[in-house]
Amino acid sequence: MDPRDTAPDSWEQEDDVEATLDGQLESAFTTLNVNAKPFVPNVNAAEFVPAFVMKSHSENLDSAVAVEKISTMEVSESVAPVENGDTEMTTEEPWDQKEAEPNEEEPGGGSCGDRGPAVAATTEETAPEMMEEEEETPAPKVPPTQPDAPKKEHINVVFIGHVDAGKSTIGGQIMYLTGMVDKRTLEKYEREAKEKNRETWYLSWALDTNQEERDKGKTVEVGRAYFETDKKHFTILDAPGHKSFVPNMIGGASQADLAVLVISARKGEFETGFEKGGQTREHAMLAKTAGVKHLIVLVNKMDDPTVNWSLERYEECKEKLVPFLKKVGFNPKKDIHFMPCSGLTGANLKESTDMCSWYTGLPFIPHLDSLPNFNRSSDGPVRLPIVDKYKDMGTVILGKLESGSISKAQQLVMMPNRHVVEVLSLLSDDVETDDAGPGENLKLRLKGIEEEEILPGFILCNAENLCHSGRTFDAQIVIIEHKSIICPGYNAVLHIHTCIEEVQITALICLVDKKTGEKSKTRPRFVKQDQVCIARLRTAGTICLETFKDFPQMGRFTLRDEGKTIAIGKVLKLVAERD
């Protein structure tokens with residue numbers, strides 16, 4: 001029995017245990033291979049990622065298989081020590097040598113096996129086996145950015161669409177293809193999913209992390225993950241497709257710059273998602289209202305036996321969607337891009353596929369990379385709508401910085417309660433930074449406010465330029481679907497940026513003609529479906545909002561009632577409270 005496992009009779013004995021352990025260690029050191037290759041630090045190595053140390057031992061077994069394939073390639077000796085993080089490994093030289101030991105019988109076993117990914121990166125050949133070797137590398141391959149490196153542009157992508165269209169699966173597949181999830185983790189998910197007879201769900205588990213979501217196979221909360229391409233840094237927001245969780249989806253869409261509408265090409269599935277009551281329509285409309293300018297439509301499940309990469313089915317889905325998206329407000333020529341793909345096999349996500357010779361455009365990830373930059377003002381006022389908050393050694397809030405920039409130790413004001421807070425630390429996509437610009441998804445640790453005093457929908461501002469808050473405002477509303485008429489006194493739920501609040505239409509001011517934009521002279525007594533009106537609304541509590549003209553992200557809203565989206569609108573004017 002290991003002396004560490006037994007409880008000592010007295011504290012004095014602890015020292016003896018330590019001593020015996022030291023003795024064991026010394027004997028272990030004597031068996032080290034003294035004639036191992038000398039350690040050459042590599043100055044240009046990527047920054048040290050501790051997860052590598054843990055996993056590389058088991059990885060040697062994987063790489064040993066690939067050794068025969070790799071050793072046939074002539075690799076100049078200078079490449080040898082390009083191992084992840086050798087720059088900081090000087091003190092742990094024995095570990096390096098231990099790695100070299102087990103494979104000494106094989107020619108160049110240990111070093112060559114470990115060298116796999118580096119070789120793949122340096123040689124221009126991308127033979128299939130080399131690709132496999134490269135994908136074997138462990139989890140987060142993205143090293144923390146060097147202080148002098150220029151920051152990549154941050155883009156938030158929300159995946160929307162009907163339930164079971166394959167949003168989470170595509171998200172999981174993208175994370176695997178970009179190396180954010182390693183193969184071993186996915187194999188574990190695959191085994192677990194098989195045990196539950198759900199083997200096609202395993203990719204979605206990379207984003208659906210809690211047990212309830214995995215058991216039902218439905219996303220409930222907005223899943224977050226991130227991946228990087230050569231030019232940009234993307235945050236995936238995986239929105240729930242089920243109609244019960246639309247409020248969560250609105251919160252996710254309000255943080256997004258770009259929406260990916262996932263539709264299933266499988267016979268019957270596309271139709272249910274697109275008919276009245278399906279989520280394909282509602283989500284596209286909500287994304288437009290939330291301020292998403294660019295929409296990519298991924299026609300998923302093209303590998304399904306009922307579809308089999310058929311161009312006719314793809315065109316049929318496209319023909320049905322375009323008129324609707326046009327009606328919602330997207331410009332088919334500029335704002336919408338269609339592409340076929342398969343989330344389960346990963347076809348046409350990173351590389352184009354032979355199955356689909358008729359599609360000539362770029363695959364999904366290269367297409368995202370080639371999009372033009374978003375112009376955001378970093379010198380504007382600080383506006384950070386809060387999505388979520390929790391306690392963790394202080395108060396932590398999550399949200400997307402809409403404008404301005406935030407740095408460590410900065411004093412900010414939490415509206416509408418006017419609490420002065422200080423930023424203790426900043427995390428941008430789980431990487432700690434000292435300052436952050438607009439468009440980044442942030443976690444902030446705050447000082448000077450309790451977690452109970454914050455609600456989602458509150459806004460962090462700088463003291464010089466506070467955002468407006470109030471209860472009464474005038475807005476232009478478009479009634480999208482409502483069976484009966486809407487009169488003053490009608491109550492609904494208002495979703496504006498990340499805030500959800502009960503609201504009452506207190507007065508209808510005028511109707512607006514859809515074609516000419518003319519306002520009616522008389523006050524309407526009611527409004528019905530497809531009409532546009534200007535109305536005065538009053539919320540139950542004080543909320544933060546801006547006029548659409550001043551700050552579009554905080555001036556557009558949706559009204560929902562009985563689980564349906566009734567109207568979309570924009571704030572025209574804030575009305576001061578009469579005391």
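Author: Helices (H or I, at least four residues) and strands (E, at least two) are DSSP runs, numbered from the N terminus. The model discussed here is predicted: local features need pLDDT of at least 70, side-chain atom pairs count only at pLDDT 80 or more, and totals for chains, interfaces and linings use all residues. Residues are numbered from 1 along each chain as its sequence is written, and side-chain values use heavy atoms, with hydrogens and water left out.

Reader: At about what angle does helix α9 run to β20?

Author: Helix α9 comprises residues 246-253 and lies across β17 (490-496), β18 and β20 (556-561). Contact means heavy atoms within 4.5 Å. Axes are lines fitted to C-alpha atoms, for helices over the stretch in contact, and angles run from 0 to 180 degrees between N-to-C directions. Relative to β20, the helix α9 runs at about 175 degrees.

Reader: In which order do the six strands of the closed barrel run?

Author: Two strands pair if DSSP finds at least two bridges between them. Within β18 (residues 499-512) and β19 (residues 532-544), which run antiparallel, eight bridges join the strands, and Cys 510 stands opposite Ile 534 in β19. The closed barrel, with antiparallel pairing, has the order β16-β19-β18-β17-β20-β21.

Reader: Is strand β3 enclosed or open, and how many of its seven residues are buried?

Author: Buried means under 20% relative accessible area, exposed over 50%, and partly exposed in between (1.4 Å probe, protein chains only). Lys 232, Phe 234, Ile 236 and Asp 238 point one way, whereas His 233, Thr 235 and Leu 237 point the other way, and all are buried. Strand β3 (residues 232-238) is therefore largely enclosed by the rest of the structure, its buried residues numbering seven of the seven.

Reader: Which residue of β3 is the bridge partner of His 154?

Author: Strand β3 pairs with β2 (residues 223-228) in the antiparallel sense over six bridges, and there Phe 227 stands opposite Phe 234. With β1 (residues 153-160), the pairing of β3 is parallel, over seven bridges. The bridge partner of His 154 is His 233.

Reader: Which residues have the most contacts inside the largest nonpolar core?

Author: A nonpolar core is a set of buried Ala, Val, Leu, Ile, Met, Phe, Trp, Tyr and Cys residues joined through side-chain atoms within 4.5 Å. Leu 325 touches several residues, including Leu 261, Ala 284 and Phe 338, not counting residues up to four places away in sequence. In the largest core, of 74 residues, those with the most contacts are Leu 325 and Phe 364.
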